Amino acid sequence: MAEHVKLDWKSIRQKAGPYSHEALQFVRDGLAHAVKTLHGESGGAGGSSNDRHVNGQQLCLGLRDYAIERYGMLARTVLARWGVNRTEDFGRIVFAMIDAGLLRRSEEDSPEAFRGVYDFDEAFAVAETV
């Protein structure tokens, strides 16, 4: 029962880097948002977990949209406050969660998939005009 598993956020943060607990929770919640956006409400229900998989680029785009939806024109500022300034930061957090057993990866997943997906200043400038 995954609900009863106590997550060791401190250990995850040590592996990921200098990110706040809020950053880790944001990535976890944003992953659910990205899966729902790409795969719909049921997102592979009844199928394998691979039916709900998102790759690094898809996750970064989903996290951008989730941040804008959640924080509007403050999205860039909020992420920066948490120490998240590049898409590579999302990758570091994701792979720390994988190492902790919180997430699973496919054979195609790699930290490189998170490299340079978008420039934060450009990606979040959209939120300032919305």
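1. Start with T87. Leaving aside its neighbours within four places in sequence, T87 is in contact with C60, F114, R115, G116, V117, Y118 and F120. T87 belongs to helix α5. Its relative accessibility is 0%, so T87 counts as buried. The side chain of T87 also reaches the backbone nitrogen of G116, at 3.3 Å. Keep in mind throughout that this is a predicted model.

2. Now the overall plan. The protein has six helices and zero strands. From the N terminus on, the elements run α-α-α-α-α-α. Of the 130 residues in the protein, 40% are buried. Take the contacts between residues at least 6 apart in sequence: 69% of them join residues at least 24 apart.

3. Helix α2 covers residues 21-39. Does its span agree or disagree with its 19 residues? At 1.5 Å a residue, the helix should span 27 Å, and its end C-alpha atoms are 27 Å apart, so the two agree. After α2 comes G40, whose phi is positive, near 85 degrees.

4. Which residues of α2 are buried? They are A23, L24, F26, V27, G30, L31, H33, A34 and V35. For background, an α-helix has 3.6 residues a turn, so residues three or four places apart point the same way.

5. The largest nonpolar core has 35 residues. Within this core, F26, L79, V84, F90, I93 and F124 touch the most other members. Which elements give two or more residues to this core? They are α1 (9-16), α2, α3 (56-71), α4, α5 (87-99) and α6 (120-129). As a general point, nonpolar side chains in soluble globular proteins tend to be buried together.

6. L79 gives a close view of that core. Neighbours within four places in sequence aside, L79 is in contact with F26, A67, V84, F90, F120 and F124. Of these, F26, V84, F90 and F124 are also listed among the residues that touch the most other core members.

7. Aromatic pairs come next. How many are there? The count comes to nine. One of them is Y71 with W82: the ring centres are 5.8 Å apart and the planes are at 85 degrees, so the pair is edge-to-face. Y71 lies in helix α3 and W82 in the loop between α4 and α5, so the pair ties together parts that are eleven residues apart in sequence.

8. Are Y71 and W82 buried or partly exposed? Y71 has 24% relative accessibility, so Y71 counts as partly exposed. W82 has 12%, so W82 counts as buried.

9. A tilted aromatic pair joins F90 and F120, with 5.7 Å centre to centre and 35 degrees between the planes. F90 is in helix α5 and F120 in helix α6, so this pair ties together parts that are 30 residues apart in sequence. Both residues are buried.

10. Two further ring features deserve a look. Ring pairs link F26, Y66, Y71 and W82 into a cluster. Elsewhere, the charged end of R64 sits over the ring of Y118, 5.7 Å from its centre.

11. Finally, R76. R76 is found in helix α4, residues 75-81. Which residues does R76 touch, not counting those up to four places away in sequence? They are V84, N85, F120, D121 and F124. With N85 there is also a side-chain polar contact of 3.3 Å.

Methods
Residues numbered from 1 in each chain as written. Predicted model: local features only at pLDDT ≥ 70, side-chain atom pairs only at ≥ 80, totals over all residues. Heavy atoms only, no water. Helix = DSSP H or I, 4+ residues; strand = E, 2+ residues; numbered from the N terminus. Expected span 1.5 Å × (residues − 1). Buried < 20%, exposed > 50% of the residue type's maximum accessible area, 1.4 Å probe, protein only. Polar contact = N/O pair within 3.5 Å; in protein donor to acceptor, adjacent residues only side chain to side chain. Contact = heavy atoms within 4.5 Å. Core = buried A, V, L, I, M, F, W, Y, C linked by side-chain atoms within 4.5 Å. Phe/Tyr/Trp six-rings, centres within 6.5 Å; stacked < 30°, edge-to-face > 60°. Lys NZ or Arg CZ within 6 Å of the ring centre and 35° of its normal.
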